[in-house]
Amino acid sequence: MLRVFILFSLFIHSCIAAPRIPAAVPATKWLTLNGQEPAVVARGGFSGLFPESSASANDLAISTSSPGLTMLCNLQMTKDGVGLCLSDIRLDNATTISTLFPKAQKTYKVYGQDLKGWFVLDYSADTIFSNVSLVQNIFSRPSIFDGQMPVSAVEDVLGTKPPKFWLSVQYDAFYMEHKLSAAEYLRSLGLRGITFISSPEIGFLKSIGMDARRGKTKLIFEFKDPEAIEPTTGKKYRELQQNLAAIKAFASGVLVPKDYIWPVDSANYLKPASTFVADAHKAGLEVYASGFANDLRTSYNYSYDPSAEYLQFVDNGQFSVDGFITDFPPTASQAISCLSHQKGNLPKIGKTLVITHNGASGEYPGCTDLAYQKAVDDGADVIDCSVQMSKDGMAFCHDSADITATTNAMTTFMSRATSVPEIQPTNGIFSFDLTWAEIQSVKPQIQSPFSTSGGFQRNPANKNAGKFMTLVDFLEFGKSKAVTGVLINIQNAAYLASKKGLGIVDAVKSALKNSTLEKQSTQKVLIQSDDSSVLSSFEAVPPYTRVLSIDKEIGDAPKPSVDEIKKHAEAVNLKRSSLVTISESFATGKTNVVEEMHKGNISVYVSVLRNEYISIAFDYFSDPTVELATFIAGNGVDGVITEFPATATRYLRSPCSDLNKDQPYAILPAEAGALISVAAKEAQPPASAPSPPLDTKDVIDPPLPAVANMGSSDGEAPPRAPTHSGTIATSANLGLSLLAILALGTTLCC
């Protein structure tokens, strides 16, 4: 019954995702052994979401992956000789066994090492099927499906009739010591439906060689850690690697950890590729790589984009592996079927704009020359400059008036830290309190938004690279690079005018006029602000597109509010959570905000998109490309504001981003609420209250004050009430000491 429910409810997303086979698919030449497309091998089904080899994991893997998917089952054996699909010989990390039999732990010697736990071979199949259920064995993955799904027998998985089936036999010698034979079990199955059998034990593969040839099953020799000992020969796997021709005598392919192919140095950057694939192909062996998962930290070279890692192994121009073992088969499928062979900067599909957030700030310090150049190289349509002002009136690009998090200013200007409650609740070192020369004396610092919560650093090799740009230099850069447009974000205009005597609006107008951008039509100019009065001051310049930034999370956009926006802006910049609601990393619902804005002829940009899986809902498969598809194809946004423009442009250049095109595979948007509905009701997170609708008072701001004459005691304009569209008024944290500020700075820069 559970399985029927899962097949019915699990993924409108998945059902739509069933691959469509067009009349003719142009052949692509791959650098695999046989020139065919690399295989996608799902380890335990879609084990990145559901417990390994559960019915849900297997069904979802098949329905969301490319047509030729291979399902992998790790074989374990019960004491009565029944084969189960579980990753380990112990049950405790992947099932509820320890709660059922709390005192039944045992210790066995496995390949010379004492292991303690609840071992599969101590239980009959009936005991396991009747009492034990599966749990997710990686704690960062969803736990709400734990305890709901039974353990799968090998025959259960074969019964789903996957396109191809891979049986991994990891512990044959151990089972043989305990009077259980994997070879005899396979013979009892007749190897029916088994496409691949892999093992790290040479003796086992040789023992079933004749049966495999009779059943047309490929045998794959698995390499373990180079210093580990292969049980049959007593040699280290490193030694066996030196004679791949000998392996060809009993196997048609090899399976290796991905580091065998692209090693990583101690700083977590890629070393040059090894010759392993070339050597194996020369010996006539296929090469399969293991260890792929969207929620594992990988080399900084991939910028937290799992598709980039797959492409490194299949689309590097020198070689291609013959397949991947992965916990997230849709991501591998899309990398192979949709994102590979994009040489020559293919044109983007559709009209969605890729807009940067401080340039390519996921890879270089934001708002620096290097971040902007990388964004241009990555194909961004619009590069952005959030304008800040120095004490002596220089307009320059920086994400915030507070330069604490994105520079090393704490080391030099700690004594200049102050409280400005109109801007932020915590103390900071503000640009308007420093001269431009002082600002130029500090080093930029890459900002990693998840460095403290999850330890996710961004490109530390370029942590302090680049230099900040003045607004004038930024505009000249944009013109010279012929990007589609530039976005100028204006912040804190009222405060700067009334309290600091700095006219940021006038500075922007002057720079734009001098750049002559307002007199041409080839490049867009977008003016963004959370202050409607700032946008209204640009009403007399028709070529500009005005963007109202709504920092508040909203759940609805009533017509009166949309009509009010229309008086000040042609577009809005909305938070992701205003379009798709998220609860405990699950997408729980979709709002109608985009449709309501579009009815008012207002474009919608969504921000901020990042690649780190910790920021991506489970429904998006921990994959930034699926999140992009959800907002672009699923919600119909007009632009995505991202810190990783390469990921967005790669998606938009793929034919798979066009859901109206007949093709064998498509990158589909997630269906909000579908994934969480599979969990038992009692395991689901409580429903959160809906976000409030956008109110007209969230849109209307008081008129901008005149720029104060700070040289005259009576020349200061009256202070403007600190009201900002879409933001909640905050008060200063006056108790934050300089010592705490120093600690904060240390944390942010590490």
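This is a predicted model: local features need pLDDT of at least 70, side-chain atom pairs count only at pLDDT 80 or more; totals for chains, interfaces and linings use all residues.
## Two annotated spans

Let's start with the annotation. A UniProt record, from an unreviewed entry, places the feature "domain: GP-PDE" at residues 38-336 and 352-652. In the model, the end C-alpha atoms of residues 38-336 lie 7 Å apart, and that span is 29% helix and 19% strand. For residues 352-652, the end C-alpha atoms lie 8 Å apart, with 30% helix and 19% strand. These spans are handy landmarks for the features below.

## Three disulfides

How many disulfides does the structure hold? There are three. If the bonded cysteines of the chain are numbered in sequence order, the pairing reads 1-2, 3-6, 4-5. As a reminder, a disulfide is a covalent bond between the sulfur atoms of two cysteines.

Take Cys73 and Cys85, whose sulfur atoms sit 2.0 Å apart in a disulfide. The torsion about their S-S bond is about -105°, so this disulfide is left-handed. Cys73 belongs to strand E2 (residues 70-77) and Cys85 to strand E3 (residues 83-85), so the pair ties together parts that are 12 residues apart in sequence. Cys73 is buried, at a relative accessible area of 1%, and Cys85 is buried with a value of 1%.

The link of Cys385 and Cys397 is left-handed, with -105° about the S-S bond. Here the partners are in strand E13 (residues 382-389) for Cys385 and strand E14 (residues 395-397) for Cys397, so parts 12 residues apart in sequence are tied together. Cys385 counts as buried at 0% relative accessibility, and Cys397 is buried with a relative accessible area of 0%.

The disulfide that joins Cys338 to Cys656 has an S to S distance of 2.0 Å. With -85° about the S-S bond, the link of Cys338 and Cys656 is left-handed. This pair connects distant parts of the chain, 318 residues apart: Cys338 is in helix H15 (residues 329-339), while Cys656 is in the loop between helix H26 (645-652) and helix H27 (738-748). Cys338 counts as buried at 3% relative accessibility, and Cys656 is buried with a relative accessible area of 3%.

## Strand E10 and its neighbours

Is strand E10 (residues 286-292) largely enclosed or largely open? Six of its seven residues are buried, so E10 is largely enclosed by the rest of the structure. Strand E9 (residues 253-257) runs parallel to E10 and is joined to it by five bridges, with Val254 opposite Val287 in E10. Together, E9, helix H13 (residues 276-282) and E10 make a right-handed β-α-β unit.

E10 also pairs with strand E11 (residues 323-326), in the parallel sense and over three bridges. Ala289 stands opposite Phe324 in E11. From E10 the chain crosses through helix H14 (residues 306-314) to E11, and this β-α-β crossover is right-handed.

## The nonpolar core

In soluble globular proteins, nonpolar side chains tend to be buried together. The largest nonpolar core in this model has 196 residues, and among them Phe223 and Ile261 touch the most other members. Leaving out residues up to four places away in sequence, Ile261 touches Val256, Ala273, Ser274, Val277, Val287, Ala289, Phe313, Phe319 and Val321. Val287 is the residue that Val254 faces, and Ala289 is the residue opposite Phe324.

## Helix H25

Nine of the 11 residues of helix H25 (residues 624-634) are buried, so this helix is largely enclosed by the rest of the structure. The buried residues of H25 are Pro624, Thr625, Val626, Glu627, Leu628, Ala629, Thr630, Phe631 and Ile632.

What covers the buried residues of H25? The cover includes H14, H15, strand E19 (580-583), strand E21 (603-609), strand E22 (639-642) and H26. Two of these names have come up already: H14 carries the chain from E10 to E11, and H15 holds Cys338.

Methods:
Residues are numbered from 1 along each chain as its sequence is written. Side-chain values use heavy atoms; hydrogens and water are left out. A disulfide is a pair of cysteine sulfur atoms within 2.5 Å. Helices (H or I, at least four residues) and strands (E, at least two) are DSSP runs, numbered from the N terminus. Buried means under 20% relative accessible area, exposed over 50%, partly exposed in between (1.4 Å probe, protein chains only). UniProt positions are given in the numbering used here, feature names are shortened, and annotations may be inferred rather than shown by experiment. Two strands pair if DSSP finds at least two bridges between them. A crossover is right-handed if, with the strands pointing away from the viewer, the path from the first strand over the helix to the second runs clockwise. A nonpolar core is a set of buried Ala, Val, Leu, Ile, Met, Phe, Trp, Tyr and Cys residues joined through side-chain atoms within 4.5 Å. Contact means heavy atoms within 4.5 Å.
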